Amino acid sequence: MWTPTSWRQLPAAQQPEWPDEDRLEEAIAELSRQPPLVFAGEARALRGKLALVGSGDAFLLQGGDCAETFAAFSADAIRDKLKILLQMAVVLTYGAQLPVVKVGRIAGQAAKPRSKPTETVDGVTLPAYRGDAVNGLDFTAEAREPDPSRLVRTYHQSASTLNLLRAFTRGGFADLERVHEWNREFVVESPQGQRYESMAAEITRALAFLRACGVDVSNDPTFHTVDFWTSHEALLLGYEEALTRRDSLTGDWYDCSAHMLWAGERTRDPDGAHVHFLSGVGNPVGVKIGPDATPDDVAELAKRLNPDAVPGRLTLITRMGAANAEERLPEIVRGVRDLGLPVVWSCDPMHGNTFTSEGGYKTRRFADVLAEIRTFFAVHHQEGTVPGGVHMELTGEDVTECLGGAQEIVDANLATRYETACDPRLNNRQALELAFQMAEMLRE
Ligand code: PEP
Ligand code: CO
């Protein structure tokens, strides 16, 4: 019998060592008295959109920070993140000639799995940073102590974030002509953008064509508002449990902390607490699939998470690394395809391509990110399956965290604006450049 608390009977990987269980339970109780952040009907609507992705009738763009923080929380940062995702989506819509389902890693993406439970600097060992929902990034014993009040603060910050996102996406900020105008600025004003001039000009002509046909591009709601969905890794199960509510319409349970939730590479044990928890909520869910996963592992996950073969319910997010994808991806894809359960295939070209630069920065190469996406499209083409979308770590700001791109960021530049609390993100220009490159691939 699944209940929102039944995960507690199972081993849960990657949970913080909270110093005081009573304070944790008090925080969870407080969260369970708060209003839901999203509604069940919205999560169902996203599931429907993802079903279209699964059948090749839409494309998925999921992206945002590796880790949202309290310090970087501001209206401008939220606006800029939404802005870059909307800019990418317009380019991809044109490239794929399909609607783009836009999902942010936002409004709750504040808990991180870590490869090691502790961190040692100059002989001092402290608990690892696990995201602002758990502890602080500063390397002091005080900051690193897990603090349950951070769960409550995460909820409130997520509520504010969502409020702003809802206003932006309904209030005209997402206007198609305006978003396209931002893209034209990138193309015209930046040297990186110039090679995409012809595609930008084609989009300009397509808009002019619509206007000539009498479509009121400036005022028709279709061009004026967008659907934007939220997602995060369902890592801290107490937080997720507290926000899981029974839908009054269907009687089913939904995790109302976000529209979509996913299990990470380190928490996808089919017998573990995370997969069990996600198996019981009605939201669309995802699982990260790394290079060590076997076809049997993935088939088992598909059976546990989508036993009723609901289209759009399960997204498999492969993150093999550019070097492994060609070898690892085909058998995984074939295994699930032959099982006959519907899934959405998405490519996370970030997490398999992380390394430490000579200068000591955790980084990724733009070329590797692009290469993994290219392999993802090629493999699905070859296996007759649908390459549904991508899952990116990016930011709307001009940070210097990933190497390369037409901007040619090199190791020595990383120090300029290396601001991530966890993994390196593509900056706004790298992200848009990637969208143009993907659009070219989609046209092929
Ligand atoms: C992440 O998405 O930030 C992450 C930790 O990914 P993964 O579980 O794939 O390593
Ligand atoms: Co990450």
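Reader: To start, which backbone oxygen lies 2.7 Å from a polar atom of the side chain of Arg 364?

Author: The backbone oxygen of Pro 424. I count a polar contact as a pair of N or O atoms within 3.5 Å, where within protein one must be able to donate a hydrogen and the other to accept it, and residues adjacent in sequence count only if both atoms are side-chain atoms. Before going on, note that this is a predicted model, in which local features need pLDDT of at least 70, side-chain atom pairs count only at pLDDT 80 or more, and totals for chains, interfaces and linings use all residues. Residues are numbered from 1 along each chain as its sequence is written, chains are lettered from A and ligands numbered from 1 in the order in which they are written, and side-chain values use heavy atoms, with hydrogens and water left out.

Reader: Which side chain makes a polar contact with the side chain of Arg 364?

Author: That of Glu 393, at 2.8 Å.

Reader: Is Arg 364 buried or exposed?

Author: Arg 364 is buried, with a relative accessible area of 0%; buried means under 20% relative accessible area, exposed over 50%, and partly exposed in between, with a 1.4 Å probe and protein chains only. Its place is in the loop between strand S13 (362–363) and helix H13 (366–383), where helices (H or I, at least four residues) and strands (E, at least two) are DSSP runs numbered from the N terminus. Leaving aside neighbours within four places in sequence, Arg 364 is in contact with residues including His 351, Glu 393, Asp 423 and Pro 424, contact being heavy atoms within 4.5 Å.

Reader: Glu 393 has come up already, so what does an oxygen atom of ligand 1 do with its side chain?

Author: The ligand oxygen is 3.0 Å from an N or O atom in the side chain of Glu 393. A polar side-chain atom of His 351 lies 2.9 Å from an oxygen atom of ligand 1, and for the side chain of Lys 112 the corresponding distance is 2.7 Å. Taken alone, ligand 1 exposes 300 Å², of which the protein buries 98%; such areas come from the Shrake-Rupley method with a 1.4 Å probe, and for residues only the protein chains shown count as cover.

Reader: And which residues surround the ligand?

Author: They are Cys 66, Arg 105, Lys 112, Pro 113, Gly 264, Glu 265, Arg 266, Lys 288, Arg 319, His 351 and Glu 393, a residue being near if one of its heavy atoms lies within 4 Å. By class, the shell has two nonpolar, two polar and seven charged residues.

Reader: Changing topic, which helix holds Thr 154?

Author: Helix H5, residues 149–170. Thr 154 is buried, at 5% relative accessible area, and touches Phe 70, Ala 110, Asp 132, Ala 133 and Tyr 239, apart from residues up to four places away in sequence. The buried residues of H5 pack against helix H1 (21–32), helix H3 (75–96), helix H8 (221–224), strand S5 (228–233) and helix H9 (237–242).

Reader: Last one: what is phi in Gln 97?

Author: It is near 55°, a positive value in a residue other than glycine. Gln 97 lies in the loop between H3 and strand S2 (100–105), and counts as exposed at 58% relative accessibility. Glu 408 also has a positive phi, of about 55°, although it is not a glycine, and Glu 408 is exposed, with a relative accessible area of 61%.

Notes. Nonpolar A, V, L, I, M, F, W, Y, C, P; charged D, E, K, R; others polar.
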